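This briefing is intended for a reader who has the sequence and the model at hand. Please examine the structure below before turning to the points that follow.

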Amino acid sequence: MVKVDGYEVPEGLYYSKDFEWLKIEGDKVRVGITDYAQKQLREIVYAELPSPGTTTKQNEPYGTVESVKAVSDLVAPVSGTIEEVNTEVQSKPELLNEDPYGKGWLLVIKPSNLQAELANLMDFNKAVEWHKSLIQEGK
Amino acid sequence: MVTAMRRTQLFEIHSKTAKMTTFAGFEMPLWYKGIVSEHLAVRNNVGIFDVSHMGRVIITGKDAENFLNHVITNDVSTLTPNSALYSVMCNEKGGIIDDFVVSRLEEEKFLLVPNATNREKDYNWLVKNANGFGVKVEDISDKAAMFAVQGPKAEKTLQSICTTDLSKIERFKCASAKIADVDVFLSRTGYTGEDGFEVYVWNAPLEKPANAVKVWNSILEAGKAFGIEPCGLGARDTLRLEAGLCLYRNDIDEDTTPLEARLSFVVKFQKADFVGKGALLKQKSEGVKRRRVGLQMIEHGIPRPSFRIYDEKGENIGLVTSGTFSPLLKCGIAMAYVQIAQAVEGNIVNVEIRGKMVKAKIVPFPFYETEKYGYKRKTPI
């Protein structure tokens, strides 16, 4: 686990510029939002997620998270079919703030074109650099 | 052309401790720790807000009372020195130019506090309408700072650093006092629904903010014993919404009249004349077509400004003007304008949230139980 100016960026994950992380688990992937995303949103009060069986398309919205101040789209880091949805974050959306890489996971997806689509995501090293530039812009 | 952002006397402090945002051309704190925790500090204990971005206009002269009664809808002749009232001022069509608190400082001296958005507009409107009246209208916004200390423990906080007996100041009454050796003016008013004070620091010009910083720090220090939190505009918005208080540009504007906005209590038709009286009288006799209501979501979802409202037949009957998640009620709440026939408390309506119809109920203001929260609360602190 690396901290870039207070934002956690775990190793071994892939990252999208829509602030989602992706973890490869055998022939499936688990996805969620990054620590940077949850800190920007602050106090998340609702998570609207699709049902299992729904398909996702890389770079397209599949749900929303809403904080007191604003609503944000959740954008799929890969294409595929949703196998599992974390229903716990729907009843306890604060999990997204408390544990974005753990209990705050959102979906398990069976990807349809993983190898090609991984090229559009950032690996750990690139994600660290990207976080640094985000923080620089924010200052 | 890029216009420079405006800042308050406390900008240096905010920029180091808060997440900043832009509001009405000002760089202001959005939150320090988070909207919900700051919101709850005000409902349960005490919070302090920098509201120096709002305007401060002094009206003096032998005609000050008559002039104000001509431009605003409420009646300042009812004010004794050191008391205040809430009012709107309207254009000839009855549209709201601004809403504000007016305090009578002396027999012939008043203080009017415009919204940040309307600082220049109000000043110009006041000057324009002062023609023929023996008054001086002076904008002292950049010479004085203003803080709001709000919550059930606001009095205790301020009393610990102030020799004036604050328990003697009733709601909408004011007094001059000293905090940290600095001259201040305390007004028992606010924009949160809670008990509390607005603190004016007279001698705190933008270019010499020392007095403002001194008073701010001294209140924060005194409030530690009572759980004080510095609060940003995020909590200011959720608090005023829960209390059912209008935000200019969202819930009221020049296309809205005080009768539609349910602010009739500040329109004194018995006054001989005031700007907008004719139009408002006409609307009163014809009846309003729409009315401001409170919406409490029954189903999950947060209504946001410009979301449409539908009746059960699918007919569009209104529009959301402000909406948020209520930290107290833990659900979405909103202010909206709804066709008069449907603007009935208890009525169930649909709010269109990103293409989905989500059920809400029309409820009275404030949204919280007045036995438990707000300045009328009965529960002991």
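**Cysteines, domains and the chain interface**

Over all chains of this predicted model, the count of disulfides comes to zero. A disulfide is a covalent bond between the sulfur atoms of two cysteines.

**Cysteines**

- Cys162(B) takes part in no disulfide, because a pair of sulfur atoms must lie within 2.5 Å and the nearest cysteine sulfur, that of Cys174(B), is 14 Å away.
- Cys162(B) has a relative accessible area of 6% and is therefore buried, the limit for this class being under 20%.
- Cys331(B) is likewise in no disulfide, and the nearest cysteine sulfur to it belongs to Cys246(B), 19 Å away.
- With a relative accessible area of 11%, Cys331(B) is also classed as buried.

**Domains of chain B**

- Chain B is divided into domain 1 (11-52 + 142-241), domain 2 (57-138) and domain 3 (289-365).
- The centres of domain 1 of chain B and domain 2 of chain B, taken over C-alpha atoms, are separated by 24 Å.
- Between these two domains, 15 residues of domain 1 of chain B are in contact with 15 residues of domain 2 of chain B.
- Domain 1 and domain 2 of chain B bury about 1,100 Å² between them, and carbon and sulfur atoms give 63% of that area.
- Two salt bridges are counted between domain 1 and domain 2 of chain B, together with three residue pairs in polar contact, both residues being at pLDDT 80 or more.
- On the side of domain 1 of chain B that touches domain 2 of chain B, the residues divide into 10 nonpolar, two polar and three charged.
- The side chains of Lys143(B) and Glu138(B) form a salt bridge, with a distance of 3.6 Å from N to O.

**Interface of chain B and chain A**

- The size of an interface is often given as the accessible area lost when the parts come together.
- For chain B and chain A, the buried area is about 1,400 Å², with 51% of it on carbon and sulfur atoms.
- Arg304(B), Phe325(B) and Arg354(B) supply 34% of the area that chain B buries against chain A, more than any other three residues.
- The contact involves 21 residues from chain B and 15 residues from chain A.
- Four salt bridges are found across the interface of chain B and chain A, as are 11 residue pairs in polar contact, both residues being at pLDDT 80 or more.
- Arg354(B) forms a salt bridge with Glu66(A), in which the closest N and O atoms are 3.4 Å apart.

Notes: Residues are numbered from 1 along each chain as its sequence is written. Chains are lettered from A and ligands numbered from 1 in the order in which they are written. This is a predicted model: local features need pLDDT of at least 70, side-chain atom pairs count only at pLDDT 80 or more; totals for chains, interfaces and linings use all residues. Side-chain values use heavy atoms; hydrogens and water are left out. Domain bounds come from an automatic or database domain assignment. Contact means heavy atoms within 4.5 Å. Buried area is the accessible area (1.4 Å probe) that two parts lose on being put together, summed over both. A polar contact is a pair of N or O atoms within 3.5 Å; within protein, one must be able to donate a hydrogen and the other to accept it, and residues adjacent in sequence count only if both atoms are side-chain atoms. Ala, Val, Leu, Ile, Met, Phe, Trp, Tyr, Cys and Pro count as nonpolar, Asp, Glu, Lys and Arg as charged, and the others, Gly among them, as polar. Buried means under 20% relative accessible area, exposed over 50%, partly exposed in between (1.4 Å probe, protein chains only).
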